[in-house]
Each structure stands twice: as C-alpha cells, then as structure tokens.
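Here is a short briefing to read alongside the model. Have the viewer open and follow the topics one by one.

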Amino acid sequence: MAMEEPPQLFLCPISMELMEDPVTVLTGVTYDRSSIERWFFKYGKATCPATMQRLNSFDLTPNHTLKRVISTWLDHASSPSSSSSSTPLCNKLEREKLPSVFASIEATPFKVTALKNLRRCMDGDVAAQKDFVAYGGIQVLGRVMTQALAESCAGGDFSSFRTCEEAGAVLATLPLSDDASVELVLKPECMKPVVAVLQRGSAESRLHAMAILAKISRAIGADRDWTPGVDVDDLVKSLLELLSDGASAKLS
C-alpha cells in the first residue's frame, strides 16, 4: 500500500521531493543539498530560488533538526500499522472530471505538485491514459511545458523548469503509439521542451525525455525525419551524455 504523502515542509522547494540532506541558505530557506548545489553551481545562479534575493555567500548550513524530524516521519510512515491505515494518494481519474482537472493544472501556481499527483493517478492505468489523451491531455501538457520553459529561459525561478520536467514525466507515462498522439508530441510546443529537458534536466527527467523520444521513434519508424526544428548536434550530445553516465540502463 502507498506511503502517506509527506508534509509540504519536508519537500525541497526546488525539486518538490522529500529532502534527504536539508540545508539552509542565508535567507533562512531550507533546500535539499543536491538541488541547491545544482542551482548554484550547474546553473550559475546567485539567488535564493524561493525568494529570488541575491546571496552574498553560498554557505549551506545543515538543518539537523529538520533531518531528524523527516527521519522520524519516515520511520512512522513506513511502519506496517501506518501503511495499513493510510489513504490513497489519489482517486481514480474520472473522464467527466478531466476538463476541470486540466483547468486546475493550468491555473494553479503549484504545478509541480499537481502534475506529480496526476502522474501517480495515471501510472499503470491504461484506461485513464487513453481518456487523458482523448480529452486533450497532450495539448494541455504542451501548453504547460511551453509556458514553463519560457519562464525558465526568461530568468524565472527553478520551479519553472521543474514544472517542465514534471509535465514531461506525465507525457512519458503515455503510450504515444497512435498517429494522433505522435503528431501532437511532434509539435514545437511539446518537442522543444522535451529536448530542453533532455539537455539540461535532472537524471530522472532526462530518462523521461529519452523515453518519449524512443516511443516517438518506434511509432513513426525510420522513414520519417522527426527532427526538423531540433538542433540535432545538441540532441546527439545530450543522448551520449545520458548513455555515458549509465542512467539509460534504467529505461524499461
């Protein structure tokens, strides 16, 4: 049975994942160490992602208290008695409610969390995936990714690109085997963000992007070129980097 959802306080503001090594920056905001170091040193940012205040120092102070609290919560949440009484993280997606679900995702400022919940609800549910596509879900993801990528490129905070990554993760759960779905994904509003995630996303999100490209490639075969508008050299470089770090072995 699924573990209960962690309190918002335990989630890194950047990755929206449960923090493993919480550290605090000068503004007093706590992040997971790997995420904030990536923000500073990979993306060359000198601001606090949550407040966008400029930082005079990249000093990171371990938040031992929060780490102990998270550890205690994990021990409790993973215990048999807790698991047996926990409630599901999401309800079955009902096709009649999909339009309102889509509208909510596009409107909410907490898109990463909303997209994570959506992915959990559809994971392994073939009927829900088909309904998602039939009701315009791919187009919604395309709009969300396009907006998030534009905000990220314009200097938005880290959550903008995380939204793009999480929308790509939802897209990767879909079969993407029929012609209509393939044509939608090949449009620039989907393809450009997918390639961007492959180029500069986290290891997990790059796997999702690679899975999307693999599904598209299988669906259209070798006779059609699906790369117009894509920088093929950059794409190949990103694929080689993904292969070299061994992450691609996790693809099913």
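Buried means under 20% relative accessible area, exposed means over 50%, and partly exposed is in between, with a 1.4 Å probe and protein chains only. By that scale Arg 95 is partly exposed, because its relative accessible area is 42%. Please keep in mind that this is a predicted model, where local features need pLDDT of at least 70, side-chain atom pairs count only at pLDDT 80 or more, and totals for chains, interfaces and linings use all residues. Residues are numbered from 1 along each chain as its sequence is written, and side-chain values use heavy atoms, with hydrogens and water left out.

**Salt bridges between separate elements**

- The structure holds 11 salt bridges, each being a side-chain nitrogen of Lys or Arg within 4 Å of a carboxyl oxygen of Asp or Glu.
- One of them joins the side chains of Arg 95 and Asp 131 at 3.4 Å, N to O.
- Arg 95 sits in the loop between α3 (80-85) and α4 (98-107) and Asp 131 in helix α6 (residues 126-134), so this pair ties together parts that are 36 residues apart in sequence.
- Helices (H or I, at least four residues) and strands (E, at least two) are DSSP runs, numbered from the N terminus.
- Asp 131 counts as buried because its relative accessibility is 14%.
- Arg 143 and Glu 106 also meet through their side chains in a salt bridge, at 2.9 Å, N to O.
- Since Arg 143 is in helix α7 (residues 137-153) and Glu 106 in helix α4, the pair ties together parts that are 37 residues apart in sequence.
- Arg 143 is partly exposed at 43% relative accessibility, and Glu 106 is partly exposed at 30%.

- Arg 162 and Glu 165 form a side-chain salt bridge at 3.0 Å, N to O.
- Both residues lie in helix α8, three residues apart, or about one turn of the helix.
- Arg 162 and Glu 165 are both buried.
- Salt bridges with shared partners join Glu 17, Arg 38, Lys 116, Arg 119, Arg 162, Glu 165 and Glu 166 into one network.

**Loop residues**

- Thr 47, in the loop between α1 (33-42) and β3 (61-62), is buried at 14% relative accessibility.
- Leaving aside residues up to four places away in sequence, Thr 47 touches Trp 39, Phe 40, Met 52, Gln 53, Arg 54 and Leu 55, where contact means heavy atoms within 4.5 Å.
- Met 52 is in the loop between α1 and β3 and is partly exposed at 37% relative accessibility.
- The phi of Met 52 is near 60°, a positive value in a residue other than glycine.
- Leu 176, in the loop between α8 (158-173) and α9 (179-186), has a positive phi near 50° and is buried at 2% relative accessible area.
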